[in-house]
Amino acid sequence: MNRQEEREVLLNVEHLCMHFHAKAGRRKTLVKAVDDVSFQVYRSETFGLVGESGCGKTTTGRTILRLHTPTSGNIEFDGRSLTGKMTKELQSYLTEHITCIFQDPIDSLNPRMTVREIIGEGLFVRGIHDRAEIDRRVFEVLEKVGLTKEHANRYPHEFSGGQRQRIGIARAIIVNPSMVIADEPVSALDVSVQAQVINLLNDLKREYGLTIIFVAHNLS
C-alpha cells in the first residue's frame, strides 16, 4: 500500500458539469463552464486547482459550495453527497464544514460592518449569541492572522489590501471548518504581500489541520 492509498479522501468530485444558458443576441447558447471534471482531495492537504482565467476554476469551487446547482456529476464530502436537492439541513452542513476565502478583499467585506461584526457573523449564524464568547473568539482569531483586538472596532476601508485579506481569512477559520476554498486569495495583493499571506495560510493549515483547495491562475 502506498502513501496516497493510506490517506483519507475528504472531497471526491466525479464527472462534475456546470453548464449555463446564455443569450447572444437572439440566439441561446450553452456555456460549458465546467465540463466532466473529476478529482480527489485528501484530508489535511493543500490541493492546487490551477488554470488560465475563464477556464472554470471559480465555478468549480462555487459548485462545491452549492452556490450553483451542478448540471450533472457527483460531489461527496467526508462520505456525504453534496448533490441533489438543497435542503436547510444540507445548507447547514455545508456552512459548518466548508468556508471560502474570496479573491477580492475589498468587495468581499461589508463596508458598513466592523471587523468584529464581519468575523463574528459566522458564529452568530451558528447559534452562538453570547457577546462575550463571540468577542473572545474574534480577538483570538485576529491574533492568529497577525492583527490585534484593537482592530476589531474598525471598518474595512481603514485597512490595507493585505490586512483586509487577513480579515477574510479570520472570517473563514473562526468557525473551525474542515476545508477552506481559497479562490485566488493573493492575486489582488501586492507582490510583497502575497508571500506573507501564503505563509499565513500554511501556518494555519498546520495548526488547525485544515484542508485547503487553493485556486490560482499562476502556477508559481
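In β4, Asn 74 is the bridge partner of Glu 14. The strands involved, β1 (residues 9-24) and β4 (residues 72-77), pair in the antiparallel sense over 5 bridges; two strands pair if DSSP finds at least two bridges between them. Helix α2 (residues 57-64) packs on the sheet and touches β1, β2 and β4, its direction making about 115° with that of β1. Helices (H or I, at least four residues) and strands (E, at least two) are DSSP runs, numbered from the N terminus.

This is a predicted model: local features need pLDDT of at least 70, side-chain atom pairs count only at pLDDT 80 or more, and totals for chains, interfaces and linings use all residues. Residues are numbered from 1 along each chain as its sequence is written, and side-chain values use heavy atoms, with hydrogens and water left out.

The open sheet has 4 strands in the order β2-β1-β4-β5, with antiparallel pairing. β2 (27-42) and β5 (80-81) stand at the edges with a single partner strand each, so one side of each has no neighbour in the sheet.

Two packed helices are described by the angle between their axes and the distance between the axes. Axes are lines fitted to C-alpha atoms, for helices over the stretch in contact, and angles run from 0 to 180 degrees between N-to-C directions.

| Helices | Angle | Axes |
|---|---|---|
| α6 (residues 161-173) and α7 (residues 191-208) | roughly 15° | within 11 Å |
| α4 (residues 115-125) and α5 (residues 131-144) | about 115° | 9 Å apart |

In the contact of α4 with α5 (heavy atoms within 4.5 Å), Ile 119 and Leu 123 are among the residues of α4, and Ile 134 and Val 138 are among those of α5.
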